[in-house]
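This report is a first guide for a reader new to the structure shown below. Please keep the sequence and the model at hand while reading.

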Amino acid sequence: MTPQQRSLEPVQLDAYFALMETASLLRHAVEQQLQDVGSLSYVQFQLLATLGASATGSQRMTDLADGVVYSRSGLTYQARALEKRGLVIRASSMDDERSITVTITEEGRGVLGSVFPGHVAVLDDLLLDSLTRLDIENLADILGRARDHMRRTPPRSAAPRRRKSPGADSTV
């Protein structure tokens, strides 16, 4: 006898579809604003915002890929596009010559400064204005717990890269 598959309760299905539709609608509007104002893709914005929020303005490419849940090869392409625009600089890591470090430039900070006001306006208009402060706190708590749970078994693009042990002959 095959085990019976569990079905979702109507409220679970409603929550799932509401989350996915909300994320899609919000992402579409955010992407349009980022493209219109800064000629940025959403991933490029994530990279610049992550670097801009960093104390040093720099991060290793693998750490960026893990954080933004994007393939390492795709992230390399996006970082290269940002570098061509003068928004970031890529260089060999001082700690590990096999690693690449990405650093935001002043021009990159300028682009961030130009897109942030409209970005915040889109978030306010489409999401935050319809919620109370308590709703936002609850949403942050709920989504934070779900994110943390998912990151326990992340997809490869979101998993921290394993380090080779000294003397080990396995590849990363």
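The text that follows goes from the chain as a whole to its helices, its sheet and a few single residues.

**Basis of the description**

This is a predicted model, in which local features need pLDDT of at least 70 and side-chain atom pairs count only at pLDDT 80 or more, while totals for chains, interfaces and linings use all residues. Residues are numbered from 1 along each chain as its sequence is written, and side-chain values use heavy atoms, with hydrogens and water left out.

**The chain as a whole**

The secondary structure of the protein chain comes to six helices and three strands, where helices (H or I, at least four residues) and strands (E, at least two) are DSSP runs numbered from the N terminus. Read from the N terminus on, the elements follow the order α-α-β-α-α-β-β-α-α. Of the 172 residues in the protein chain, 27% are buried; buried means under 20% relative accessible area, exposed means over 50%, and partly exposed lies in between, with a 1.4 Å probe and protein chains only. Among the contacts in the protein chain with a separation of 6 or more, 56% come from residues 24 or more positions apart, a contact being heavy atoms within 4.5 Å.

**Helix 1**

Helix 1 covers residues 10-38, and its 29 residues reach 41 Å from the first C-alpha to the last, close to the 42 Å expected at 1.5 Å a residue; the expected span is 1.5 Å times one less than the number of residues. Leu26, Val30, Gln33, Leu34 and Gly38 are buried in this helix, and what covers the buried residues of helix 1 includes helix 2 and helix 5. Ser39, which follows helix 1, has a positive phi near 50 degrees.

| Pair | Axis distance | Angle |
|---|---|---|
| Helix 2 (residues 42-53) and helix 4 (residues 72-84) | within 10 Å | roughly 75 degrees |
| Helix 2 and helix 5 (residues 106-126) | 10 Å | about 110 degrees |

Three strands form an open sheet in the order 1-3-2, with antiparallel pairing; two strands pair if DSSP finds at least two bridges between them. Strand 1 (58-60) and strand 2 (88-92) are the edge strands, each pairing on one side only, and neighbouring strands are turned by 25 degrees against each other on average, direction ignored. Strand 1 pairs with strand 3 (residues 100-104) over three bridges, whereas strand 2 and strand 3 pair over five bridges. In strand 3, Thr103 stands opposite Ser58, while Val102 stands opposite Gln59 and also opposite Arg90.

Arg60 is found in strand 1 and counts as buried at 17% relative accessibility. Arg60 lies 30 residues from Arg90 in sequence and 9.3 Å from Arg90 in space, C-alpha to C-alpha.

Ser93 belongs to the loop between strand 2 and strand 3, and Ser93 is buried, with a relative accessible area of 9%. Apart from neighbours within four places in sequence, Ser93 is in contact with Ser99, Ile100 and Thr101.

Definitions and conventions
Axes fitted to C-alpha atoms, helices over the stretch in contact; angles between N-to-C directions.
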